Amino acid sequence: MTKWIYTFGDGSAEGSAEMKNLLGGKGANLAEMSALGIPVPPGFTITTEVCNFFTANDDTYPESLNADVDAAMQTMEQALGATFGGTERPLLVSVRSGARASMPGMMDTVLNLGLNDETVEALAKVSGDDRFAYDSYRRFIQMYGDVVLGVDHSVFEDILEDHKLRLDINLDTSLSAEHWKVIVGDYKSEVQSELGRPFPQDPNEQLWGAIGAVFGSWMNNRATVYRALHNIPGEWGTAVNIQAMVFGNMGDDCATGVCFSRNPATGENHFYGEYLINAQGEDVVAGIRTPQPLTIAEKSTQGAQMPAMEETMPAVFQELCDVRDRLEAHYKDMQDMEFTVQQDKLWMLQTRGGKRTAKASLRIALDMEAEGLISRSEAVMRVDPNQLDQLLHPMLDPDAPRDIIGRGLPASPGAATGKIVFSSKDAEKWTANDQKVILVRTETSPEDISGMHVSEGVLTSRGGMTSHAAVVARGMGKPCVSGAGDMYVDHHAKTLTAVGRQFVEGDVITLDGTNGEIMAGVVPTIQPELTGAFAELMAWVDEIRTLGVRTNAETPTDAATARKFGAEGIGLSRTEHMFFDPKRIVHVREMILAKDATARRIAVDKLLPYQREDFIELFDIMKGLPVTIRLLDPPLHEFIPHGDAEMQDVADAAGVTLEALRQRASDLYEVNPMLGHRGCRLGLTYPEIYEMQARAIFEAAAQIAKRGDQAHPEIMIPLIINRREFDVFKVMVDDLATKVMAETGTELEYMVGTMVELPRACLQAGDIAKSAEFFSFGTNDLTQTCFGFSRDDAGSFLDDYYRRGVLNDDPFVTIDQEGVGQLVRMGVERGRAERPGMKMGICGEHGGDPASIHFCQEVGLDYVSCSPYRVPVAKLAAAQAALLAAERQCE
């Protein structure tokens, strides 16, 4: 028979910390603290399996649950000598959520449950304090009315504020028992008025109403959004914890608080937290009253006037310090704890691994290793790779006010403030006049690259985490918020409409690319500090990891940034990005408009000096490290503008009519360009383009060699479908290498390989490997062609897939191991079967995603390649993947 309920308290527990999946984090840790002999109010946990049953069966429960709850309540009554619903010594309980992953504030809680018109009188008699009893009753009605009955919280707040205003009272603590009795009556009347039925008086009805509300809150909107943002699967469910109430609001020998075993902002090994005398937990977190510091040291740091707990309750404070030390030593991690003091007795209500800033995470991990609390490997595992972004980009001052006008996807981290512009051309014009700008677009295209480059940040109303704007902005280290669907961008009128407000060109906005917020006006930023702790952790990481980490870069700035972060070469240099420079795009367009191969070659040859200098700069920066250069990939129509004014400028510069340019644009138009005339198909049709690029690469390498330095180019042919197609370009590249070496009198080392980005290439990997010297899996396009999704459009419907449980993760963010991953695995196995030891890597956006990096380790890739600012993230994730792989081998 399935066990649905696990009890805890009174020095024993049926569960433990290892049962987090079944009991949720809160229930598992309450059980663990109970077993450790730490004072925990008794209670029981209803498992996450019940939540899944509830969700799948129209909000109903397993047949035996009612009897199980009754039995658990009786056990609690016996332990406390109190009766649930009793009129002499009433037992009151809290009903709280508790998923296996911490989701603070996302789900519902009910406190003081069991109070009614009779038990409140009993509570007043037992406590000897009418005021406390009726304060607790009004809190219960307010919380239960909001969470369970659906009466808006503000309705109760308005009633309370009206009473305080009429009585000329500022603080809730100044209200008397008689005042609370009147307010309780008004609350109940409001419930009757709103619902047409009285506030429930039966404690059992109250209990099951709260249980249902907490289970139901697993699927509420804020919890669903939070799970999507933090990759928490919906099938995990939440547990429900029912626990005897202890009261911090019974008088001046009572208190409630929240504390951290170390400072969660800085990581310093100082006890940190806040408390309130004569209050309940919601008062601390809701800001109803200003909390007081726990310690005298923190009081001094804050310049606080109110006494610290260390001063007002020294004995209880010392007991809390002892609990802090025991829990941190037991869990070997910084703890976030909640406590209540009832009549000078300490009760612990929760402990969990504390959320912390990236700076604190680094310091805590390194300090705990130095203290001998954890090993070096454990320290490396403790730091969340994604958190490192906080250390690498400017951040908004957390204490500064924010006028939030919208939210989108946090596509590229960091903070940026600037004046709104609506086109790439305007961005260049404004920045030429020393103006800082934010480029605002419905969506971006490769044509916007120069405008993105000069902008402080990018905002789009469409697109996802792997849209063009997101990918390019991350590569540039530019903050970007994409997919802000509630905003309307009118490029013609040059307006941005958000929350009923209209912003025009030149208005100032601020982006927070770390959390997706968009704000009106200037919000001050602070520069993150790369401390010695960062360098020390990265040194440990480099000792542990076996997976190489390269960068995606095509500009000297990107390449230099990546090297600063420890990139071991370039895994993807996208040559098309080099063509959008104003001096070059003229010749690109000349080539596009050319009527024959001779005219095309004349135009292409004008690009040769630029490309050669590009590659010399990259080889110089990489100092002999491998540089993988992808030959031209996008369709040619992307180099032609769409607006009439811009097209006229191009026509004038090229010496053709506007009509001729329009005709050429029409000739290049494709219904589905992603599957059209692009990649190596361009090189097959217009071989002079690839010949020029290959010559530029080899001439650049020859110049480096003549200086006595080394260059190791890896020439990558994109979008290959079979070996015969690849061989066309292998012969071309080898011939040019031979010619350049003869012309320059140098010997050059180079490799020719392919970007594996089509399912057919994975199927044909063994045959292709007979000619190709390396594979780099382009998982952006491989995901598109495997799923049949457009990465720029999928964001409009993927939320429905997550909600219905069809997909758990965005396949463009985290590699789909069941489909795309199997294609990669096939490509690796078949390629290396033909060419043992063949170099293989990944260069899609997945190369910077920690979960995807773990997969890359598993399938045996040699390296991942990611945007410059993701290099430390990828290195840490690679080290963690290596540690987990070693652990699995030992099992």
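Predicted model: local features only at pLDDT ≥ 70, side-chain atom pairs only at ≥ 80, totals over all residues.
The account begins with a pair of helices. Two packed helices are described by the angle between their axes and the distance between the axes. Helix H4, residues 119–127, packs against helix H5, residues 130–147, at an angle of about 145 degrees, and the axes are 8 Å apart. The crossing of H4 and H5 is right-handed. On the H4 side, the contact is made by Val 120, Glu 121, Leu 123, Ala 124 and Ser 127. On the H5 side, Asp 130, Phe 132, Ala 133, Tyr 134, Ser 136 and Tyr 137 take part. By class, the contact of H4 with H5 comprises seven nonpolar, two polar and two charged residues.

Phe 132 of helix H5 deserves a separate description. With a relative accessibility of 0%, Phe 132 counts as buried, because the limit for that class is under 20%. Beyond its neighbours within four places in sequence, Phe 132 is in contact with Leu 123, Ser 127, Phe 247, Asn 249 and Met 250. Leu 123 and Ser 127 also belong to the H4 side of the helix pair. A further distance concerns Gly 248, which is 116 residues from Phe 132 in sequence, while the two C-alpha atoms are 9.8 Å apart in space.

The next stop is a strand. Thr 256 lies in strand S9, which covers residues 255–260. The relative accessibility of Thr 256 is 3%, so this residue counts as buried. Its side chain reaches the backbone oxygen of Phe 339 at a distance of 3.3 Å.

Most residues other than glycine have a negative phi. Val 499, although not a glycine, has a positive phi of about 45 degrees. At 58% relative accessibility, Val 499 counts as exposed, since that class begins over 50%. Gln 502 has its place in strand S23, residues 501–504. Gln 502 also counts as exposed, because its relative accessibility is 55%. When residues up to four places away in sequence are not counted, Gln 502 touches Thr 495, Leu 496, Thr 497 and Asp 507. Val 489 lies 13 residues from Gln 502 in sequence, and their C-alpha atoms are 10.0 Å apart.

Ala 594 is placed in the loop between helix H22 (582–593) and H23. The relative accessibility of Ala 594 is 14%, so the residue counts as buried. Apart from residues up to four places away in sequence, Ala 594 touches Ala 599 and Arg 600. Cys 866 is 272 residues from Ala 594 along the chain, and the C-alpha atoms of the two are separated by 36 Å. In the loop between helix H23 (597–622) and strand S29 (626–630) is Lys 623. Lys 623 has a phi near 50 degrees, a positive value in a residue other than glycine. Its relative accessible area of 66% explains why Lys 623 is exposed.

Glu 688 is found in helix H27, and with a relative accessible area of 3% it is buried. The side chains of Glu 688 and Arg 600 make a polar contact at 2.4 Å. Leaving aside neighbours within four places in sequence, Glu 688 is in contact with Arg 600, Arg 601 and Val 604.

How does the extent of helix H27 agree with its number of residues? The helix has 20 residues, 687–706; at 1.5 Å a residue they should span 28 Å, and the end C-alpha atoms are 28 Å apart, which agrees. H27 is mostly covered, with 15 of its 20 residues buried. Gly 708 follows H27 and has a positive phi, near 85 degrees.

The walk ends at helix H35, residues 871–890. Because its 20 residues should span 28 Å at 1.5 Å a residue, the distance of 29 Å between its end C-alpha atoms agrees with expectation. H35 is mostly covered, and 14 of its 20 residues are buried.

Terms used:
Residues numbered from 1 in each chain as written. Heavy atoms only, no water. Helix = DSSP H or I, 4+ residues; strand = E, 2+ residues; numbered from the N terminus. Buried < 20%, exposed > 50% of the residue type's maximum accessible area, 1.4 Å probe, protein only. Polar contact = N/O pair within 3.5 Å; in protein donor to acceptor, adjacent residues only side chain to side chain. Expected span 1.5 Å × (residues − 1). Contact = heavy atoms within 4.5 Å. Axes fitted to C-alpha atoms, helices over the stretch in contact; angles between N-to-C directions. Left-handed = near helix turned anticlockwise from the far one by under 90°. Nonpolar A, V, L, I, M, F, W, Y, C, P; charged D, E, K, R; others polar.
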